[in-house]
Amino acid sequence: METLNFEYEAKGPLTRRAHVGVVGSGDLEVLIEPADKPIAQVRVRTSVSGYAQVWKAVLDRFFSHFEHAARVEINDFGATPGMVALRLEQAGELVKP
Amino acid sequence: MTPTEHCTDPTAAERRDRFLSRRSVIEMRARERAQALLDPGSFRELLGPFDRLESPWLPLQGIVPESDDGVVIARGELAGKPAVIMAIEGAFQGGSMGEVSASKIAAALRLARGDWESGKAILPVLLLETGGVRLQEANLGEAVVAEIHAEIIALRRHVPVIGVIHGMVGCFGGMSIAAGLCSYLVVLPQARLGLNGPEVIEQEAGIDELDAGDKQMIWSLMGGEQRYETGFADALIEDDAEQLRQAIRDLAARGLPARHRSEAVDDYQRRLAKIDPTRPLDGPALRRLWPQGDRQ
């Protein structure tokens, strides 16, 4: 297991929270909720070590259009980058103001 | 073949429409199952993901935990009456019972008993999708699974405790005992129920004893249909949320059984006496020896 932390700039607050997915084979869960600080903080715990660069690329893309102050927790059980992107979009959709 | 060709036979068309209108329980995740069983809008989760009551033991062993530790406790109403659904998530660690996940179920059962003792009715429903105790949490998990057993026995004095095994993980180990303690058990054909899982039996006793890869044989021994036909389950339904809701309502309406399955020790001793251990026995032969209505 590897734990990774990321931070992104945020422009506005978030008012809702959401939970999607499951920590099952090839899947992940995403918890997203309003943050106290005016940034988006992401903590990733993944069962597959050594993919920090791939996580950064997937998260960079998501936070290029998601600009809310949020606390995001990801518990990953070997999801592909495509799966991760879809789960992030699903969570982002649910907390949309 | 085009889709319209199926429609030439009216019964086939009916069967197809019925199949398509089903909402598969197996394809849902634990939280969705709880939502599907409760009346729309009544679902309220206790100790949900944002309470972050996750396993403290899994990360220490390099295993990613889940924010709800793989158990969803949902309060709500089923057909207008208070209910609590305890749903195990089979996709997370095989639905295994750790210290936290098992404690959530034991505590929910205890709260339901508290409700009854103070005069409030509530229907408890267990969705058992579990390989049993979580090996990484060993004795801690075992201890709380035993607590679940004790709580089921204490609660079933007040109200039928209804267990459901839908598949595809099945229900094994200490939680198969929990299934046996339930007042009523609902199974799907895809379900399996056994104290030891087939892989464990193969590993411990050898492939000559049991070939865990032989799916047809495994289901003929411990599959949902076999368990129903031999009287270990009270309802056999198709993979559909509405049928499951109806089955739970029907069983709850029966009230407490005259005698719980786990109290019928003499029945089961009589059944065991019918078996000649020197001769091979398979699923169909067991159905003839132990027909469904044979118990009690």
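At what angle do helix α1 and helix α2 of chain A pack, and how far apart are their axes?

**Ground rules.** I am working with a predicted model, where local features need pLDDT of at least 70, side-chain atom pairs count only at pLDDT 80 or more, and totals for chains, interfaces and linings use all residues. Residues are numbered from 1 along each chain as its sequence is written, while chains are lettered from A and ligands numbered from 1 in the order in which they are written.

**Elements.** I found 2 helices and 5 strands in chain A; these are DSSP runs numbered from the N terminus, helices being H or I with at least four residues and strands E with at least two. Starting at the N terminus, I read the order β-β-β-β-α-β-α.

**Box.** I looked up the extent too: the C-alpha atoms of chain A fill roughly 35 × 20 × 20 Å along the principal axes.

**Back to the helices.** I see α1 (residues 52-65) and α2 (residues 81-95) of chain A packing at about 30 degrees, their axes 10 Å apart. The axes are lines fitted to C-alpha atoms, for helices over the stretch in contact, and angles run from 0 to 180 degrees between N-to-C directions.

**Who touches whom.** From α1(A) I listed A:V54, A:V58 and A:F62, and from α2(A) A:P81, A:V84, A:A85 and A:L88; contact here means C-beta atoms, placed from the backbone, within 7 Å.

Notes:
Contact = placed C-beta atoms within 7 Å.
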